[in-house]
Amino acid sequence: MLRSITVKVILGIDTSCDDTGVGVVIDGAVASNVVASQTELHEPYGGVMPEVASREHLRVIQPVTEAALEQAGVGMADIDLVAATRGPGLVGALLVGLNYAKGLALARGVPFMSVNHLEGHIASSLVGSDLQPPFLSLIASGGHTSLFRVSAWGEYAELGRTRDDAAGEAFDKVARQLGLPYPGGAALSELAREGDPAAVTLPQPLRNQTGYEFSFSGLKTAVATLLAKQPDVSHADVAAAFEQVVVNALVDVVSRAARDSGVSRVSVAGGVAANRLLRERLLADTELQVHFPPLELSSDNGAMIALAAHELTVSGARQPDAAELAVDALPYFPLAQQPASVGR
Ligand code: KG4
Ligand code: ZN
């Protein structure tokens with residue numbers, strides 16, 4: 001175990017996908033969190049265009065950083081540590097934030113620390129609660145759907161993940177089939193309120209599994225087949241049935257993992273955490289103590305990277321180290337290499 005150190009002011013940067021996020025954390029509390037979203041740039045493509053994302057990160061990273069410092073009421077000279085996402089994500093996008101952060105750290109003569117993007121999502125779980133390990137962390141976004149058991153800071157076991165599409169990606173793809181704009185998760189969920197989930201039958205993926213995996217691509221194909229066979233089907237009913245199947249899958253896995261592991265505290269992060277039905281269903285499970293961090297910290301942002309750096313240094317799990325300046329971006333960067341096991 002490394003010794004615990006306290007770093008007062010941390011600048012965190014995330015450019016893993018299509019949001020340029022920079023935040024400042026002071027003594028473990030979020031002092032600012034500025035996110036420049038690229039959604040409109042990618043909308044015409046119906047998904048994130050990697051090259052467009054990298055160029056936009058390059059264009060805005062400096063002003064976003066200045067805004068984050070200003071909102072936190074600090075200057076670059078006050079920063080004690082710069083942290084940035086190393087992966088997983090789009091490599092060209094990651095390189096922008098990672099290299100910018102290293103440059104700032106070198107120029108200021110302060111340490112640099114690279115952080116796993118998923119570790120950032122897990123750290124964001126702390127905001128607004130006194131949650132401490134052990135807890136389960138469900139990360140459900142446009143790029144990821146994984147369930148982790150967090151035993152301690154720096155000790156994560158991935159209990160399960162999606163075999164194919166991420167939950168948010170499935171929402172976006174089905175929303176597109178229903179003629180909704182990208183990203184369509186929130187719009188699909190709104191449409192679902194007017195529909196009857198029982199009016200349409202969709203397959204429940206991995207219904208009989210005893211593990212903790214997810215699979216959403218078959219569902220997307222089932223919706224495409226249904227729309228082709230029944231062009232007059234109510235889109236609201238399809239949206240309601242689809243949302244119900246996805247939420248059932250997420251809730252079933254989380255509830256079972258909590259029962260099997262004896263860990264009843266659960267945090268939910270990622271853009272899909274905004275889903276109304278998911279929130280209702282998880283909060284209705286009285287055996288779980290569920291925490292949803294504020295939405296602006298739940299989707300991709302830079303403050304969560306600074307929060308992770310804070311937790312890792314304070315807990316003694318990691319320390320900034322000069323060798324970190326040599327790390328490269330990792331588009332594939334599993335947080336936990338351990339085999340899936342929920343062990344108590
Ligand atoms: O974490 P996030 O903001 O960013 C990335 O994954 O890059 O997640 C965005 C995802 C999108 O797929 C979006 O459609 C989905 O979260 N999402 C939702 C809702 N709000 C956002 N999905 C379902 N219901 C929602 N209310
Ligand atoms: Zn993310």
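Helices (H or I, at least four residues) and strands (E, at least two) are DSSP runs, numbered from the N terminus. This is a predicted model: local features need pLDDT of at least 70, side-chain atom pairs count only at pLDDT 80 or more, and totals for chains, interfaces and linings use all residues. Residues are numbered from 1 along each chain as its sequence is written, chains are lettered from A and ligands numbered from 1 in the order in which they are written, and side-chain values use heavy atoms, with hydrogens and water left out.

**Stop 1: strand E1**

Select residues 9-14, strand E1. 6 of its 6 residues are buried, so E1 is largely enclosed by the rest of the structure. Buried means under 20% relative accessible area, exposed over 50%, partly exposed in between (1.4 Å probe, protein chains only). In a regular strand, side chains alternate between the two faces of the sheet. On one side of E1, look for Val9, Leu11 and Ile13; on the other, Ile10, Gly12 and Asp14. Both faces are covered.

**Stop 2: the neighbours of E1**

A hairpin of 4 residues links E1 to E2. Strands pair if DSSP finds at least two bridges between them. Isoleucine 13 has valine 22 as its bridge partner in E2. Its partner in E4 is alanine 84. Glycine 12 stands opposite alanine 83 in E4.

**Stop 3: strand E4 and beyond**

Now select residues 81-87, strand E4. Here 7 of 7 residues are buried. E4 pairs with E1 in the parallel sense, over 4 bridges. E4 also runs parallel to E5 (residues 112-116), through 5 bridges. Find threonine 85: its bridge partner in E5 is valine 115. Then show helix H3 (residues 91-108), which forms a right-handed β-α-β unit with E4 and E5. Right-handed means that, with the strands pointing away from the viewer, the path from the first strand over the helix to the second runs clockwise.

**Stop 4: ligand 1**

Select ligand 1 and the 16 residues that surround it, each with a heavy atom within 4 Å. Among the closest are Gly142, Asp172 and Ser299. Which helix gives the most to this shell? H5 does, with 3 residues. H5 spans 167-177, and H6 (185-192) also supplies at least two.

Next, zoom in on polar contacts, pairs of N or O atoms within 3.5 Å. A backbone N or O atom of glycine 142 sits 2.7 Å from an oxygen atom of the ligand. A polar side-chain atom of asparagine 275 is 2.9 Å from a nitrogen atom of ligand 1.

Key. A polar contact is a pair of N or O atoms within 3.5 Å; within protein, one must be able to donate a hydrogen and the other to accept it, and residues adjacent in sequence count only if both atoms are side-chain atoms.
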